[in-house]
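Biologist: I'd like to learn how to read a model like this one, feature by feature. Can we go through it together?

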Amino acid sequence: MVKTIFIEARYEGKVELCQDTLEYAKKYKKIGLYAAIQFCNKLDRVNEQLKELGIEVITSQPKRTGCSSQLLGCDSAKDSLNLDEEVDAFLYIGDGKFHPQALVYGQEREIICDDPIGKKFSLLTKEDLAANLKRAKGALVKFHSSDNIGVVITMKPGQEFYLKSLELEKKYPTKKFYYFIDNNISFNQLENFPFIDVWVNTACPRIGLDDQESFRKGVVNLRNVIS
Amino acid sequence: MYDLELNRVVKEIQDNQAKLVCLQLPDGLKPKANEIEARINSETSAKVLIWLGSNFGACDIPLGLDRLGVDLVISWGHNKFRKEEW
């Protein structure tokens, strides 16, 4: 593996909550605060603003991240955040939707988003991702009733779980597993294997949620079928 | 708007005596690739390759670059990823 240096590309502007966010958030007593890495070192003012409203702010360092409050797109499971306490709502600081959608998939609370660049407030709820969640549920049912399973493995080191996927054979001895390898999943290639009933994704867990529609036969994440 | 840390980038290339460097940028920073390339060209003797593909996170680093002799990857927009072992 070639030596790799990461540059976080921290945001150089001011990070503070816009008026609409403050107005909306004030109905909550306890908020879980997370941000994209670009904003993680500039959350002091946000903390201050929430405290002025009498809101208790808590945060954590999620499992795969490098610092406290940082949220990744793969933090899409309930236990990803390493957060022991319950909160009334989550507040995400950042300018995209990919990261806060992870909270929608994994948590049961409303997600308030504040974009410090565009100075915009928005909300994300389970309704926004209902179609993906419904398909994921359907695919899980299909997995349990199917015989021929395609297991998709990536070579990307951060997402490669080949050995772990072999546990499927032990857990489901009556099913036949076929293993497919690719770097980025070529969705149009899936059609070339008509003998597969349903797919298991072993790479980024967001593939098994966001890309449900691209897997016409359905896809489940590895974590949902083995523990 | 975002700190690209170009002084650090130049220093890392020099310190690592890198001859062939691959730049990986998230979509939002890809339009800055020419600016970064120009800076590296003016201050180091390294040849620059720009990764065309995805940059979903620190879990998504280009593979196989050693075959071309790339000796340093510089990846923007993310920090070190802690792969979950289970």
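Biologist: Let's begin with a loop. Between which strands of chain A is A:Ser69 found?

Modeller: Keep in mind that this is a predicted model. A:Ser69 sits in the loop between strand S3 (56-58) and strand S4 (89-93) of chain A. Its phi is near 75°, a positive value in a residue other than glycine.

Biologist: Is A:Ser69 buried or exposed, and why?

Modeller: You count neighbours, and 20 or more other C-beta atoms within 10 Å make a residue buried. A:Ser69 counts as buried because it has 23 C-beta neighbours inside 10 Å.

Biologist: On to sheets. How do strands hold on to each other, and what is the strand order in the open sheet of four strands?

Modeller: Strands of a sheet pair through backbone hydrogen bonds, in a parallel or an antiparallel way. Here the open sheet of four strands has the order S1(A)-S3(B)-S1(B)-S2(B), with parallel pairing. The edge strands are S1 of chain A and S2 of chain B, each of which pairs on one side only. On average, neighbouring strands of this sheet are turned by 25° against each other, direction ignored.

Biologist: And what packs on that sheet?

Modeller: Helix H2 (residues 33-43) of chain B does, touching S1 and S2 of chain B. The direction of this helix makes about 165° with that of S2(B).

Biologist: How many bridges join the strands, and which residues could I use as landmarks?

Modeller: S1(A) and strand S3 (residues 72-76) of chain B pair in the parallel sense over four bridges. For a landmark, find A:Thr4, whose bridge partner in S3(B) is B:Val73. Strand S1 (residues 20-24) of chain B is also joined to S3(B) by four bridges, and these two run parallel. There, B:Gln24 stands opposite B:Ser75 in S3(B).

Biologist: That sheet has strands from both chains. How many residues of each chain are in contact?

Modeller: 27 residues of chain A are in contact with 35 residues of chain B. On the chain A side, the largest share, four residues, comes from strand S1 (residues 4-7). That side divides into ten nonpolar, nine polar and eight charged residues.

Biologist: Which residues does B:Asp71 contact, away from its sequence neighbours?

Modeller: Leaving aside neighbours within four places in sequence, B:Asp71 is in contact with A:Val2 and A:Lys3, as well as B:Asn16, B:Ala18, B:Lys19 and B:Leu20. B:Asp71 is in the loop between strand S2 (47-50) and S3 of chain B, and it counts as partly exposed because it has 18 C-beta neighbours inside 10 Å. B:Asp71 and B:Cys22 are 49 residues apart in sequence, and 8.2 Å apart in space, C-alpha to C-alpha.

Biologist: Back to strands. Which way do the side chains of strand S9 of chain A point?

Modeller: In a regular strand the side chains alternate between the two faces of the sheet. In strand S9 (residues 198-201) of chain A, A:Val198 and A:Val200 point one way, A:Trp199 and A:Asn201 the other way, and all are buried. S9(A) pairs in the parallel sense with strand S7 (residues 148-154) of chain A over four bridges, where A:Gly150 stands opposite A:Trp199. S9(A) also pairs in the parallel sense with strand S10 (residues 219-221) of chain A, over three bridges. Here A:Asn201 has A:Asn221 as its bridge partner.

Biologist: What are the domains of chain A, and how many residues touch between them?

Modeller: Chain A is divided into domain 1 (19-124) and domain 2 (131-225). Five residues of domain 1 are in contact with five of domain 2. The domain 1 side has three nonpolar, two polar and no charged residues. The centres of the two domains, taken over C-alpha atoms, are separated by 30 Å.

Biologist: Last one: how many residues are in the largest nonpolar core?

Modeller: It has 78, and those with the most contacts inside it include A:Ile31, A:Ala35 and B:Val21. This core draws at least three residues from each of domain 1 and domain 2 of chain A. Beyond its neighbours within four places in sequence, A:Ala35 has contacts that include A:Leu43, A:Tyr92 and A:Ser69, the buried loop residue we began with.

How values were computed. Residues are numbered from 1 along each chain as its sequence is written. Chains are lettered from A and ligands numbered from 1 in the order in which they are written. This is a predicted model: local features need pLDDT of at least 70, side-chain atom pairs count only at pLDDT 80 or more; totals for chains, interfaces and linings use all residues. Two residues are in contact if their C-beta atoms, placed from the backbone, lie within 7 Å. Ala, Val, Leu, Ile, Met, Phe, Trp, Tyr, Cys and Pro count as nonpolar, Asp, Glu, Lys and Arg as charged, and the others, Gly among them, as polar. Two strands pair if DSSP finds at least two bridges between them. A nonpolar core is a set of buried Ala, Val, Leu, Ile, Met, Phe, Trp, Tyr and Cys residues joined through C-beta atoms within 7 Å. A residue is buried if 20 or more other C-beta atoms lie within 10 Å of its own, exposed if 12 or fewer, and partly exposed in between; C-beta atoms are placed from the backbone. Domain bounds come from an automatic or database domain assignment. Axes are lines fitted to C-alpha atoms, for helices over the stretch in contact, and angles run from 0 to 180 degrees between N-to-C directions.
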